[in-house]
There are 2 protein chains.
Amino acid sequence: MSDKYIYKFGEGKADGNAKMKESLGGKGANLAEMSSIGVPVPPGFTIVTDVCDYYYKNGKQLPKTLKAELDENIAILEKRKNAKFGDPKSPLLVSVRSGAAMSMPGMMDTILNLGINDEVCEGLAKKTGNERMAWDSYRRFINMFGDVVMGIAHEKFEHELSAIKSKRGAKVDTDLDVEGLKEVVTAYKRVYKENASGEGAPVQKKKGDEFPTNARVQLEDAIMAVIGSWMSPRAEFYRTKEKIYGLKGTAVNVQSMAFGNMGDTSGTGVAFTRNSADGTNEFYGEFLINAQGEDVVAGIRTPMHISEMKKVWKDIYKELDGIRLKLEKHYKDMQDIEFTIEEGKLYMLQTRGGKRTGMAAVKIAYDMVKEGLIDEEEALIRVSGDHLNQLLFDVLDPKEKQRAVSEHRVFTKGLPAGPGAACGQVVFNADDVVEWKKQGKKTILFRHETSPEDVIGMADSEATVTSTGGMTSHAAVVARSWGKCCVVGASEMQIDYKKKTITAGKTVINEGDVVAVDGGTGELILGEVKKTKSPVISGLVDNNEDAKKTEVYKMFVNLMKWAEKTKTLKVRANADSPRDSLVARALGAQGVGLCRTEHMFFEGERIWDMRAMILAETVEERKKALDRLLPYQRADFEGMFKEMDGYGVTIRYLDPPLHEFLPQDEAGQKEMAERMHISIDKVKKEVQDLHEQNPMLGHRGCRLSITYPEICVMQTTAVIEAACKKEKEGITVIPEIMIPLVGKVEEFQYLAKIVRETADKIIKEKGAKFTYTVGTMIEIPRAAIVADKISGGENGAEFFSFGTNDLTQMTFGYSRDDAGVFISDYIEKKILREDPFVAVDQEGVGALVEMGVEKGRKGRKKLKCGVCGEHGGEPSSVKFFHRTGLDYVSCSPYRVPVARLAAAQAVIEEKRHAKKKK
Amino acid sequence: MSDKYIYKFGEGKADGNAKMKESLGGKGANLAEMSSIGVPVPPGFTIVTDVCDYYYKNGKQLPKTLKAELDENIAILEKRKNAKFGDPKSPLLVSVRSGAAMSMPGMMDTILNLGINDEVCEGLAKKTGNERMAWDSYRRFINMFGDVVMGIAHEKFEHELSAIKSKRGAKVDTDLDVEGLKEVVTAYKRVYKENASGEGAPVQKKKGDEFPTNARVQLEDAIMAVIGSWMSPRAEFYRTKEKIYGLKGTAVNVQSMAFGNMGDTSGTGVAFTRNSADGTNEFYGEFLINAQGEDVVAGIRTPMHISEMKKVWKDIYKELDGIRLKLEKHYKDMQDIEFTIEEGKLYMLQTRGGKRTGMAAVKIAYDMVKEGLIDEEEALIRVSGDHLNQLLFDVLDPKEKQRAVSEHRVFTKGLPAGPGAACGQVVFNADDVVEWKKQGKKTILFRHETSPEDVIGMADSEATVTSTGGMTSHAAVVARSWGKCCVVGASEMQIDYKKKTITAGKTVINEGDVVAVDGGTGELILGEVKKTKSPVISGLVDNNEDAKKTEVYKMFVNLMKWAEKTKTLKVRANADSPRDSLVARALGAQGVGLCRTEHMFFEGERIWDMRAMILAETVEERKKALDRLLPYQRADFEGMFKEMDGYGVTIRYLDPPLHEFLPQDEAGQKEMAERMHISIDKVKKEVQDLHEQNPMLGHRGCRLSITYPEICVMQTTAVIEAACKKEKEGITVIPEIMIPLVGKVEEFQYLAKIVRETADKIIKEKGAKFTYTVGTMIEIPRAAIVADKISGGENGAEFFSFGTNDLTQMTFGYSRDDAGVFISDYIEKKILREDPFVAVDQEGVGALVEMGVEKGRKGRKKLKCGVCGEHGGEPSSVKFFHRTGLDYVSCSPYRVPVARLAAAQAVIEEKRHAKKKK
């Protein structure tokens with residue numbers, strides 16, 4: 001912490017620069033930078049974030065030397081502006097704004113026109129010859145000061161303004177004349193006096209205190225208000241929500257006023273240097289004539305498009321457009337700017353990197369490479385996973401969506417668990433989905449939560465919505481793996497299966513009602529909303545030639561090429577069928593990292609053989625049922641090997657507890673009894689026998705195959721026979737057999753022996769040439785601890801795949817189905833920074849992954865290590881896995897591009913980090 | 001492995017000695033040792049275990065040099081005995097016996113009289129002048145060879161013998177004359193020929209092969225049979241069951257015969273050098289005149305007590321008693337011996353450490369210290385935890401129990417989860433227990449499994465029996481903590497709550513039937529069986545003066561004194577009430593290592609306030625209910641502090657998921673609705689809302705108090721107010737507040753802050769002087785990984801208590817409620833050596849404990865570390881925790897003596913290990 005607390009800027013020079021965001025805040029740093037590069041900025045100064053830090057670390061005291069530094073800087077500013085605080089003849093008026101290192105809504109807003117009082121107002125009127133502007137500035141200041149510094153509700157001022165406007169027949173604010181404005185000022189002063197209790201406000205005043213007329217008092221109160229707002233509940237909430245940690249506090253920007261409200265040659269505006277919605281290289285923004293500050297965004301009057309400025313103020317537009325290009329060239333990124341024109345003179349008040357849609361992000365990055373502004377690596381860094389993701393899915397038509405929002409048709413919101421958008425009729429169970437589909441209807445499946453029984457319904461509906469469950473609940477995982485739209489944990493909804501209704505607040509929705517689902521935001525909308533399909537998917541997956549001609553397709557393909565060149569981590573996909581595999585390859589997956597074979601047992605008739613297998617009372621009966629399942633499974637593997645020609649296919653053996661294959665509801669049990677010619681009591685007994693207190697920690701994974709080795713034999717036969725057949729057809733097959741849920745080396749070796757004996761026999765019989773490997777999931781903490789034993793020796797595991805979903809569950813002791821109840825509370829209380837099921841917990845779970853890799857490679861030098869949990873598609877996790885030295889990550893097919901991008905970013909960040917260290 | 005495969009012994013000298021058990025087996029080593037110290041042993045030799053090892057490691061081939069060595073040793077033996085294999089004039093007859101380093105039933109039994117055939121038999125008759133003995137030996141040999149070597153069922157021979165006996169009017173075998181015996185030999189040869197298919201037998205012969213007459217062939221077949229029996233399913237099963245690992249194989253003992261069947265001056269017997277039932281220093285055993293081998297134990301004739309030998313064979317008795325004393329003095333332990341008298345000459349055939357009851361083990365160890373045979377440390381090593389445990393509990397009267405067994409009243413068997421014995425009437429729910437108790441009836445509670453709702457029933461019944469669950473199921477843990485009799489997982493039982501019946505096999509038991517429960521063996525017995533109470537408990541806990549005068553009491557107290565002098569690890573108790581604390585102190589606990597506060601919320605009226613707390617919809621309502629719980633909890637703490645004057649009391653805050661406090665059954669829910677004046681629907685909704693997929697990984701532990709901090713405030717208030725009050729009364733209070741289920745340092749710090757603020761305020765107000773500490777359970781894998789963070793810094797945890805129950809669940813991914821299904825299968829398949837919930841898994845869970853201790857003490861140098869899982873009372877685990885450097889273990893009060901003993905043994909073993917290394 002330096003002893004300098006205040007940095008000047010403006011008029012071609014500045015004490016600071018753009019790199020000093022940490023101490024000047026984003027706003028202050030960019031004001032300094034703009035000043036330095038010759039962009040017109042009204043002079044002012046920035047009080048650094050260290051002051052805020054000091055204040056909270058020292059019992060809410062300001063540094064002692066600050067006052068003198070403030071005096072000095074006010075004096076300099078007065079000199080520069082040839083004006084004086086509180087001097088009616090030549091008054092200095094300033095704006096006061098907060099500004100932390102990261103943009104942060106919820107902190108104090110802007111105060112304009114600070115320094116005004118009755119005399120100054122008169123003086124200002126005289127000096128500028130613009131009485132209206134003076135009184136307009138005065139009334140704005142009282143409002144802003146009262147609201148922001150004293151915590152008086154804005155509505156109270158608004159109420160007075162409306163009353164006076166309607167009394168005087170003024171439609172918009174600018175219709176009010178000087179007399180009207182004077183009346184507003186009087187009314188506002190009264191509002192202030194009546195409400196300034198100071199309770200909960202950043203600055204303590206008593207109720208009944210008059211509005212402060214001393215400019216220096218106004219300034220000090222405003223500075224305190226900015227600093228106080230750093231710890232406001234709103235700001236704290238925002239930081240928690242956006243995971244913003246480690247900032248020192250906010251800076252305070254004090255800047256001489258430029259008045260946009262000086263009449264028809266004055267104005268104010270906000271703009272993006274390129275189109276923030278689609279990325280087009282065009283000036284994109286709005287402005288208002290004779291207006292100040294927030295008028296543009298507040299919607300008080302309808303602003304004009306920036307292009308119209310050409311007609312009104314040709315020269316100013318030219319200057320502004322020049323500044324736009326200058327800023328882009330300087331910052332090498334699209335900027336979000338604010339400006340004011342005071343009697344024909346242009347001033348820039350702010351510049352910062354502009355928020356953008358996925359489409360815009362990709363286009364801007366891509367164009368800037370072509371324009372030579374940035375290189376390919378920088379372009380890869382500029383595009384986030386979320387950005388990229390937006391290009392892959394159907395979305396609700398933005399205009400229709402906007403209309404729905406304005407019509408208040410959004411009836412509730414859940415977690416955006418599966419991407420895309422959907423529209424259809426409400427149904428409440430999987431059977432109805434299938435039935436309605438036959439009738440040609442599109443449906444949205446609403447459930448409390450889903451279970452494997454619901455998967456057919458999930459597949460056939462447009463989207464699935466649940467009232468419970470989190471981002472890795474069953475519904476979420478299945479939907480994401482299919483790239484299907486899904487919203488989970490919409491807990492405000494009450495779903496009544498019997499009445500077939502959804503109640504959310506006052507809205508009651510019945511079966512058959514049409515709703516739309518926004519998988520990008522989690523919003524649920526009543527009524528029809530059209531959607532548009534991603535050309536990237538049409539081109540890559542459906543091979544649609546028209547789609548391939550679109551710009552977005554071409555950009556996407558190029559961006560992915562750059563990523564591929566850069567990254568070293570391989571990206572595979574979690575795929576359970578030939579179709580999944582096809583999609584995965586189309587999106588760039590370098591193999592299948594996880595094929596969950598149990599998913600093959602739910603489809604169509606297969607479930608009945610599976611159930612027969614479960615009901616079997618002897619090994620013989622079990623083998624018979626397994627024999628019937630064999631051809632299904634073999635056929636699926638054949639399809640997958642074909643799609644993955646030349647790439648590895650990691651096949652995980654049966655994993656879930658058996659009860660998941662049995663119907664849990666009365667009707668389903670009855671159907672099962674009838675169909676299988678057994679008594680309902682027998683079905684119920686089986687369901688009861690398989691019931692577990694904690695199925696997550698129960699009889700599943702390799703434990704099943706150890707109890708019933710014949711399952712392992714059947715699955716190996718299916719894998720190897722399929723591989724033999726495909727090899728004969730000229731396909732390069734690389735089967736990788738994966739034993740799940742291993743915690744002890746003995747478990748692995750018990751099953752690996754069965755696998756190898758079964759496989760070697762078939763390979764010998766068929767005279768096949770391919771080699772296969774046997775490996776294991778590392779998803780039990782114990783497995784990471786004894787990883788060297790598991791990979792060691794001749795019969796050890798040949799590869800590891802870290803199942804970070806389960807590993808997270810057991811390392812934390814969190815059931816992903818139940819933890820939703822407290823995880824949000826934990827995040828609010830800052831116990832967790834983020835949901836560990838979304839981004840891998842590097843400190844705990846990550847430490848076990850590191851241990852597993854290190855020990856595993858001690859046991860077997862060239863052990864292949866990967867990750868196949870949900871984290872494999874989450875950018876921060878992918879980067880961690882890259883650093884940990886994994887060979888690959890595997891994720892849902894539709895997350896593959898995001899993972900590829902993150903893998904590339906990991907390399908670039910590593911490079912830059914190494915450079916910095918040098 | 002040396003090149004010497006055969007070791008001679010007998011007649012005052014031997015190649016080997018007692019220390020060579022690993023290679024000579026226990027039997028061979030002791031035969032050598034006895035030979036060396038001048039005890040009469042028939043000469044012979046031992047083929048070492050390396051041969052067996054070699055055989056299985058080299059494709060079932062024997063070492064090439066063995067044959068020559070065998071030839072040589074046979075020649076030596078022939079010379080020593082002045083006899084020849086197969087020589088009718090002076091035939092050498094031998095016995096062949098297996099013998100591994102550890103006693104192992106299930107392997108090959110003894111073969112006697114090997115070397116006999118028709119001519120040898122005649123020769124033997126001539127040489128000894130005892131024709132009867134010759135034919136008796138012959139028929140025995142064919143039977144044993146056929147049975148043991150060829151796998152011919154013993155019954156087939158027995159059948160022939162019976163027929164001949166009954167035809168000839170012989171009551172017992174000795175009634176048969178020479179003609180009879182000849183007829184038996186002929187019949188036996190036929191049986192051999194007809195059945196010697198060799199299928200599954202260790203030695204391959206064809207059906208129809210004649211009985212082998214060549215002595216050398218007989219010997220080689222017998223040797224192969226011994227080696228083959230090492231891998232018999234029976235032997236493998238036994239080793240798995242008894243957790244015997246790492247042995248090389250079995251040795252083979254070939255020994256010249258001493259004939260106990262030479263007439264009235266011959267005989268054979270088995271004996272213990274002291275009474276193996278109660279430890280009395282008296283010769284204790286049985287013998288038979290004119291008998292051979294297994295006759296004594298086979299019960300063919302009724303043997304005589306060893307003391308009767310004084311009358312029959314005074315001199316031999318004197319010699320034998322001399323040998324008894326010599327052996328004890330030499331081996332410094334009670335011995336189990338076998339001997340044979342051949343025409344007045346005594347031969348010892350075996351000596352080994354004798355199996356004994358707990359009572360005998362303690363008495364023998366204690367007496368031997370007094371006799372100067374061993375020192376106190378050796379005495380401590382000689383007594384096992386199981387031995388000690390037997391002294392602490394009620395047991396079924398041995399005679400009555402024996403009768404019940406012989407009357408086939410044992411209807412099923414479960415796991416012996418809670419110690420002791422009980423007898424009472426069968427009931428099926430907790431309410432009935434309470435109701436029947438009011439009527440003065442003693443009950444046994446039978447449940448599928450128990451839940452916290454059942455605890456009152458468990459407390460008021462004599463014992464609890466469940467059909468599911470393992471050694472650490474709810475029922476088992478609760479019962480053990482109370483020292484109550486309990487049997488769990490008696491899975492053969494079908495309990496029908498509706499019909500109120502238990503079905504086990506063909507037995508149907510109705511409500512009200514009297515049953516007895518043996519908590520030491522898990523046996524369940526139909527009908528009344530009386531029990532006897534432990535004088536140790538009467539003396540220590542009930543302060544019964546008569547009990548204190550008993551020898552067993554005195555011995556116990558002295559043994560514990562020796563242990564206390566030796567051990568360094570502290571032993572605390574898990575205690576939830578003043579009564580538990582009293583018992584714990586009486587049994588030597590040095591503080592409470594775990595007080596599960598939730599147990600205080602079930603008793604009596606408290607459950608209703610707890611339920612009101614759960615139903616509360618606002619913080620205010622919740623606080624009100626908590627305020628009502630406060631006095632109960634405070635009173636309990638007061639009582640505990642009083643009992644633990646001067647010792648630490650570790651209090652764990654609320655841990656189980658809230659649903660455990662709500663009734664899960666319809667009737668209970670109805671009662672709750674009525675009593676709390678709410679609708680049954682509300683109750684049901686609450687139960688449903690609190691339902692979790694995996695409650696073990698759900699909203700429990702510190703997660704509860706983070707959601708509802710007011711619980712933490714109430715519990716802290718209760719602890720600290722109680723401590724203040726007791727301090728004023730002159731008691732030294734050492735409260736240790738423990739936050740459960742911490743996985744992140746933020747969780748600990750969030751609650752520790754609340755605890756410290758609340759506590760400091762009360763202490764200041766009351767002017768108290770004691771200090772308290774705040775620590776945490778380490779029971780989540782993640783906590784062990786980040787232990788340095790949790791203990792680090794000023795606000796870090798001041799102590800760790802490893803909750804190895806939950807740590808085992810999460811490290812393995814085993815739910816202790818569900819894992820029973822596969823754990824037994826795992827043990828059978830050698831995937832697990834033992835149930836990790838019984839003995840701590842040192843490799844995995846232990847590694848996390850080590851990591852936690854190491855990291856924890858990195859964060860806080862003098863961090864106190866303990867264990868409070870069920871493992872704290874299991875000897876091998878206690879020793880592991882000692883080695884890991886923990887400060888204490890904590891276990892159920894009744895396990896405290898066992899833990900103290902194990903802690904002392906750990907020190908002694910460490911000392912001995914260090915000495916060995918030197």
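## A walk through a two-chain model

Let us begin with one contact between the chains: Arg782(A) and Glu843(B) form a salt bridge, with their closest N and O atoms 3.0 Å apart. The term salt bridge stands for a side-chain nitrogen of Lys or Arg within 4 Å of a carboxyl oxygen of Asp or Glu. Side chains of opposite charge can pair when their charged atoms come close. This is a predicted model, in which local features need pLDDT of at least 70 and side-chain atom pairs count only at pLDDT 80 or more, while totals for chains, interfaces and linings use all residues. Residues are numbered from 1 along each chain as its sequence is written, chains are lettered from A and ligands numbered from 1 in the order in which they are written, and side-chain values use heavy atoms, with hydrogens and water left out.

Now for the rest of the interface. Between chain B and chain A there are six salt bridges, and 30 residue pairs are in polar contact, both residues being at pLDDT 80 or more. A polar contact is a pair of N or O atoms within 3.5 Å; within protein, one must be able to donate a hydrogen and the other to accept it, and residues adjacent in sequence count only if both atoms are side-chain atoms. On the side of chain B that touches chain A, the helices α28 (702–707), α30 (745–766), α31 (781–785), α33 (804–812), α34 (820–828) and α35 (845–859) of chain B each supply at least two residues. Helices (H or I, at least four residues) and strands (E, at least two) are DSSP runs, numbered from the N terminus.

How many residues of chain B are in contact with chain A? There are 47 from chain B, and they meet 47 residues of chain A, where contact means heavy atoms within 4.5 Å. The two chains bury about 4300 Å² between them, and carbon and sulfur atoms give 56% of this. Buried area is the accessible area (1.4 Å probe) that two parts lose on being put together, summed over both. Leu697(B), Arg782(B) and Ile831(B) supply 15% of the area that chain B buries against chain A, more than any other three residues.

Next, look at an open sheet in chain B. Its three strands follow the order β19-β20-β21, with antiparallel pairing; two strands pair if DSSP finds at least two bridges between them. β19 (494–496) and β21 (507–510) of chain B are at the edges with a single partner strand each, so one side of each has no neighbour in the sheet. On average, neighbouring strands here are turned by 15° against each other, direction ignored. Strand β20 (residues 501–504) of chain B is joined to β21(B) by four bridges. Among the bridge partners, Thr503(B) goes with Val508(B) and Ile502(B) with Ile509(B). The hairpin of these two strands has two residues between them, and Gly505(B) takes a positive phi near 60°.

Finally, the structure holds 152 salt bridges over all chains. One of them joins Arg900(A) to Glu564(A), with the closest N and O atoms 2.9 Å apart. This pair links distant parts of the chain, 336 residues apart: Arg900(A) is in helix α37 (residues 896–917) of chain A and Glu564(A) in helix α22 (residues 551–566) of chain A.

Note on methods. Axes fitted to C-alpha atoms, helices over the stretch in contact; angles between N-to-C directions.
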